[in-house]
Amino acid sequence: MERREDGRDWAYRVDPYGFERPDDFDYASYEAFFSRYLVVLTRRAIKWSKLLKGNNNIQKSIKVKRYIRKGIPNEHRALIWMIVSGAQTNMEQNPGYYHRLLEEEKNDKLVEAIKTDMNRTFPDNIKFRKTADPCLQHALYNVLVAYGHHNKAVGYCQGMNFIAGYLILITKNEEESFWLLDALIGRILPDYYSPAMLGLKTDQEVLGELVKMKVPAVAELMERHGVMWTLVVSRWFICLFIDILPVETVLRIWDCLFYEGSKIIFRVALTLIKQHQAFILEATNFPDICDKFKQITKGTFVTECHSFMQKIFTDPGSLSMATINKLRETCREKLLSQG
Amino acid sequence: MTSRGAARPNGQSQASKICQFKLVLLGESAVGKSSLVLRFVKGQFHEYQESTIGAAFLTQSVCLDDTTVKFEIWDTAGQERYHSLAPMYYRGAQAAIVVYDITNQETFARAKTWVKELQRQASPSIVIALAGNKADLASKRMVEYEEAQAYADDNSLLFMETSAKTAMNVNDLFLAIAKKLPKSEPQSTSGAAGRSRGVDLHEQSQQNKSQCCSN
């Protein structure tokens with residue numbers, strides 16, 4: 001909120017995170033939404049400051065989970081992500097580790113792959129431009145190089161650049177971004193980014209199974225036209241909705257992702273599909289279906305992040321971790337047997 | 001919305017036939033696959049194009065005489081890691097553009113392995129085009145035109161050097177592919193352009209431009 005004081009012209013063209021708004025950005029409806037959301041943000045900010053009582057520490061609890069589902073105020077976001085993901089503990093238990101990684105001898109291939117993507121990570125964000133001062137490309141480079149040396153089995157996979165970029169925008173701190181990236185890739189997400197990408201392929205199939213259970217007509221449409229789930233949703237998983245959904249909505253999703261884990265991704269995906277069921281079912285051919293899946297991630301429904309986040313916990317119905325784990329197991333076996 | 005809104009107005013709406021083809025772009029990371037598509041579909045170029053994750057889907061049509069050829073384009077991620085996802089994108093594709101960067105010899109080697117994979121795994125009738133992109137950076141050239149042309153000839157590929165930045169040969173490449181694709185009667189229009197050797201497209205391109213809705 002406080003960023004809006006920086007000047008209306010600037011705030012209009014560039015969002016608070018540095019992303020340039022597209023030419024066709026609907027300012028009027030965004031203003032209408034934001035003035036309502038501001039009320040929510042203010043209420044939540046008061047609640048959170050009472051919860052934290054200035055000691056900047058929390059324990060996981062039903063109350064904290066509820067608070068997180070209603071959104072972490074931006075000024076506390078980095079801290080709460082650090083605590084609930086376990087990143088804070090890891091950072092404290094490994095003092096100096098991040099900086100030692102950066103001093104190590106580097107793997108040339110890894111460095112080259114990361115360098116290739118420096119100018120190709122958020123070219124629409126003014127803070128990531130070469131000309132920006134400070135230019136966040138340096139932090140991005142360091143975090144990705146350190147992570148590639150820390151987790152050699154994963155190294156660097158395209159997509160991680162966008163995730164690390166978001167972490168840097170929120171924490172404004174390289175070391176914290178590194179430990180949050182480790183929490184996501186090392187613990188919260190199954191192996192999405194390792195060379196075989198088996199976790200990613202599995203989760204795409206799991207989503208297909210969940211759609212069969214919860215939105216069968218859409219599953220039937222996909223099957224009839226031979227549209228594999230990976231064609232329309234791979235980016236949802238790999239980039240955790242970055243560039244798919246509006247920034248504010250992505251951050252609200254990540255609040256829950258850090259606390260509740262990867263099942264949040266399925267909740268979001270199922271909500272998008274279920275909400276737009278009738279619209280998706282209008283598609284009569286393969287390209288139509290692909291087009292519909294692009295469109296369902298745009299518009300008021302996803303911009304209104306507060307009501308969207310309420311819907312992800314009600315619309316898809318019950319979704320237990322046991323169900324997901326079971327589906328993951330069967331889908332994984334099926335993929336492995338297919339070779 | 002993006003793909004549909006992006007399709008340029010079709011200059012020959014009276015075209016009697018509409019043919020749809022699935023086309024996939026393959027090639028090493030950062031050779032300009034997305035930039036070629038952006039140039040072809042929207043007529044735009046960004047100096048820094050965001051890296052493609054998974055794949056992007058777009059459509060664009062070109063007109064050939066009385067036929068509208070509608071391309072369903074799958075623009076894939078170039079990083080080696082995404083290789084295992086690629087078969088899902090080229091499966092059932094009638095055309096492929098394998099892209100390399102003329103300033104980087106390694107990307108040409110990678111293009112060759114893509115061509116081999118397509119010849120082995122994709123549909124036997126797939127039309128493969130080789131694009132040597134970033135032709136505007138001729139002063140940094142590392143892959144000779146003749147070398148690539150000879151390779152394309154040996155493998156019956158369409159071949160052009162392109163520049164997504166200057167738009168050089170971008171529409172022409174898609175047009176050449178459209179020409180080579182079988183329309184209603186399979187193979188009837190592919191004629192001499194057949195599969196025995198690569199075709200020199202430079203002479204045909206001007207002509208194509210004038211009769212088609214490309215801009």
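In this predicted model, the charged end of A:Arg69 sits over the ring of A:Phe313, 3.6 Å from the ring centre. A charge sits over a ring if NZ of Lys or CZ of Arg is within 6 Å of the ring centre and within 35 degrees of the ring normal. A:Arg235 lies over the face of A:Phe162, at 5.7 Å from the centre of that ring.

The model is predicted, so local features need pLDDT of at least 70 and side-chain atom pairs pLDDT 80 or more, while totals for chains, interfaces and linings use all residues. Residues are numbered from 1 along each chain as its sequence is written, chains are lettered from A and ligands numbered from 1 in the order in which they are written, and side-chain values use heavy atoms, without hydrogens and water.

Rings of Phe, Tyr and Trp (its six-membered ring) pair if their centres lie within 6.5 Å; planes under 30 degrees apart are stacked, over 60 edge-to-face, and the rest tilted. The count is 38 aromatic pairs over all chains. A:Trp81 and A:Trp254 form a tilted pair, 5.9 Å centre to centre with 45° between the planes. A:Trp81 lies in helix H4 and A:Trp254 in helix H14, so the pair ties together parts 173 residues apart in sequence. Helices are DSSP runs (H or I, at least four residues), numbered from the N terminus. A:Trp81 is buried, at 0% relative accessible area. A:Trp254 is buried at 0% too. Buried means under 20% relative accessible area (1.4 Å probe, protein chains only).

Ring pairs also link a cluster, which includes A:Trp81, A:Trp254 and A:Phe162.

Note on methods
Helices (H or I, at least four residues) and strands (E, at least two) are DSSP runs, numbered from the N terminus. Buried means under 20% relative accessible area, exposed over 50%, partly exposed in between (1.4 Å probe, protein chains only).
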